Amino acid sequence: MSGKYQITAGFLPLLDSALLAAAREQGFAEAEGIQLHLVRENSWASIRDRLAVGHFDAAHMLAPMPIACNLGLTPLAAETIAPMALGLGGNAVTVSLDLWRAMQDAGAPGDLDPLRTGEALAAVISARENGGGDRLLRFGVVHPHSGHNYELRYWLAACGIDPERQIEIVVLPPPVMANAMRAGHIDGYCVGEPWNTAAVAKGVGRIVTVKAAIWKSSPEKVLGVTRVWAEQNPDALTALLRALYRAAEWCGAPGNRRDLTRILAGTGYIDCPEEWLMPALSGAVEVARGDVVTVSDFFVPHANAATFPWKSHALWFYSQMARWGQIDASVAHEDIARNTYRPDLYRAALRDLGAALPGANAKVEGALATPTPVGSAGASLTLGPDGFFDGAIFDPDQVSAYLDSQRHR
Amino acid sequence: MRGAPLTILVIDENRPRASIIEAGLREAGHQNVTIVHDVTGIAARIAALQPDVIVIDLENPNRDMLENMFQLSRAVKRPIAMFVDRSDMASIEAAVDAGVSAYVVDGLKKERVKPILDMAIVRFNAFSRMARELEEARTELENRKLVERAKGILMKSRGLSEADAYALLRKTAMNQNRKISEIAQSLVTAAGLLGPGDD
């Protein structure tokens, strides 16, 4: 059975490459007849290029990236689809200790609450503007088409900060964020784990809020494959989705956390101290040295349909691309975004695994305030809570109304 | 602007490779070539240089940052696109295979830029081949040293001649379907564990 399918996949050294790593290291790929070859990359650009020319059959991708590719926003790209998500959450916003002290003086609570923390940041920014002389605060994100960029901007905007004018957003590779902050090049950043915990461990920053609080149950990475590869290799794709689903189950079981951190800390994967990986998995987030805040849904690899590629997620990313001027809003663009995520392929591959399959392809984001049983095929399924911290609702059938509401805020 | 000399920026952390590219560009008659090894302060450099063509090694971890900068009109006056022509898939594949990416300002004629990319691809490939050969030579040398040490251990511990020691290593390797250097490595490791005297 072994090696019926040869699949090469690219990934970046981030906690949410966990599903791919576990699929290989725990034998889930092999059990599906896949010889899974994983290649660590240095940049999302490299992942995109190597997927486009066929070096990679599949890749760990920023969830908005396949949409950006299909909308022609990237310098090079093949038509890319996302047949599966690789978990929910996993990011945080970290600021320098200097900025944290100023935020604390302005009333930041230290409990990761996005609204009060953001209001404190807004007060700091106002004071700097009134004082004159200070440069704009500078925040790092990993890519313009990333969950990090959009959730940072969403958070700031909802707290009354104009991310286009009142701060500067720069792009940096995740592993260098903490050192860039130590050197004073940036004042804060939004990035996936373990690169927030790295700043705390190095004593250069404090985690001030998390993706799981800004938008509960929100998407972060997807499995990206080219449409052509998916069409030419339907059986290999099915096998890969099944292996990744099993890997997600394994990653989501608390008893496997220690083994998962050991795998991911290895030199072939993230190559970092094991203890940097535990906070995101256990939810005991060390926001500053010795100061732990519990975020039980910090990173969700499996529960709550965490690997289902919701079209509403794709459309929300598209809405933010339009909101921040990366793309013109149009029905045609909206269709491209919607068609990039492929829940049909996900369902077809996992139907006979007994997986919990949502009955719908899209959901109203922010409609579920509490965990709610929903219609599903296979195992029973609970979704949510899935709200935005500011209480706004995203209805995937009302994208232009949503954009209007954001424009007038 | 048709015949105006092109301004070319090469961003490569690998100094020897950057020099090889630079030499190739100068040989091809390009005089306005700038080499950058470290991307600190790159935005200001790009704003000052206004390059027509930017060549970057594919593995550069700062490519996301650089691409983002190319797309922001604040940093560059003219938008910069990747590769010579998005429809020229053969060139794109050759470039990615070689590990090079090239960015070109919008509107620049394809035939003016294509030779630059082709040259970069050839030189990147030549450099990889050279690095690989160097690595192979180094490994070969290390393997030979290992075999020498393993022979010495066998000669000393089992009283074999040098030729017999080598024959034993070779036979063991053949029987186990492994390389002689692997058997030698095992023997050297084992001897290190067992005997405090040797080595």
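**Exercise 1. Chain B in outline**

Among contacts in chain B between residues at least 6 apart in sequence, what percentage join residues at least 24 apart? Then describe the secondary structure of chain B and the extent of its burial.

*Solution.* Keep in mind from the start that this is a predicted model.

Step 1. In chain B, 62% of the contacts between residues at least 6 apart in sequence join residues at least 24 apart.

Step 2. Counting elements gives seven helices and five strands for chain B, and following the sequence they come in the pattern β-α-β-α-β-α-β-α-β-α-α-α.

Step 3. Chain B has 199 residues, of which 29% are buried.

**Exercise 2. Chain A as a whole**

Work out how many helices and strands chain A has, and explain why chain A can be called as compact as a globular protein of its length.

*Solution.* Step 1. The secondary structure of chain A consists of 18 helices and 18 strands.

Step 1. The C-alpha trace of chain A spans about 65 × 45 × 40 Å along its principal axes, and 57% of the 409 residues count as buried.

Step 2. Of the contacts in chain A between residues at least 6 apart in sequence, 74% join residues at least 24 apart.

**Exercise 3. The sheet around strand 3 of chain A**

Find the order of the strands in the sheet that holds strand 3 of chain A, and decide whether the residues of that strand are buried or exposed.

*Solution.* Step 1. The sheet is open, with five strands of chain A in the order 2-1-3-11-4 and mixed pairing.

Step 1. At its edges stand strand 2 (34-40) and strand 4 (80-85) of chain A, and because each has a single partner strand, one side of each is left without a neighbour in the sheet. From one strand to the next, the twist averages 35 degrees.

Step 2. Strand 3 of chain A pairs with strand 1 (residues 5-11) of chain A in the parallel sense over two bridges, where A:Ala9 has A:Ala58 as its bridge partner. With strand 11 (residues 221-226) of chain A, strand 3 of chain A pairs in the antiparallel sense over four bridges, and here A:Met61 has A:Val222 as its bridge partner.

Step 3. Strand 11 of chain A also pairs with strand 4 of chain A, in the antiparallel sense over four bridges, with A:Met84 opposite A:Leu223.

Step 4. Five of the five residues of strand 3 (residues 58-62) of chain A are buried, so this strand is largely enclosed by the rest of the structure. In a regular strand the side chains alternate between the two faces of the sheet. Accordingly, one face of strand 3 of chain A carries A:Ala58, A:His60 and A:Leu62, the other carries A:Ala59 and A:Met61, and both faces are covered.

Step 5. Helix 1 (residues 18-25) of chain A lies across strand 1, strand 2 and strand 3 of chain A, and runs at about 135 degrees to strand 2 of chain A.

**Exercise 4. A further sheet in chain A**

Step 1. Strand 6 (residues 91-96) of chain A pairs with strand 10 of chain A in the antiparallel sense over five bridges, and A:Thr94 stands opposite A:Ile207 of strand 10.

**Exercise 5. Core and interface**

Identify the residues with the most contacts inside the largest nonpolar core, and determine how many residues of chain A are in contact with chain B.

*Solution.* Step 1. The largest nonpolar core has 182 residues, and A:Ala22 and A:Leu244 have the most contacts inside it. Helix 12 (residues 234-252) of chain A supplies the largest share of this core, twelve residues.

Step 1. Leaving aside residues up to four places away in sequence, A:Ala22 touches A:Phe28, A:Ala247, A:Trp250, A:Cys251, A:Leu260 and A:Ile263.

Step 2. Between the chains, 17 residues of chain A are in contact with 18 residues of chain B. Helix 3 (residues 44-52) of chain A gives the largest share of chain A's side, five residues, and by class that side has ten nonpolar, five polar and two charged residues.

Notes:
Residues numbered from 1 in each chain as written. Chains lettered and ligands numbered in written order. Predicted model: local features only at pLDDT ≥ 70, side-chain atom pairs only at ≥ 80, totals over all residues. Buried ≥ 20, exposed ≤ 12 C-beta atoms within 10 Å, placed from the backbone. Contact = placed C-beta atoms within 7 Å. Nonpolar A, V, L, I, M, F, W, Y, C, P; charged D, E, K, R; others polar. Pairing = 2+ DSSP bridges. Core = buried A, V, L, I, M, F, W, Y, C linked by C-beta atoms within 7 Å. Rg over C-alpha atoms; globule rule 2.2 N^0.38 Å. Axes fitted to C-alpha atoms, helices over the stretch in contact; angles between N-to-C directions.
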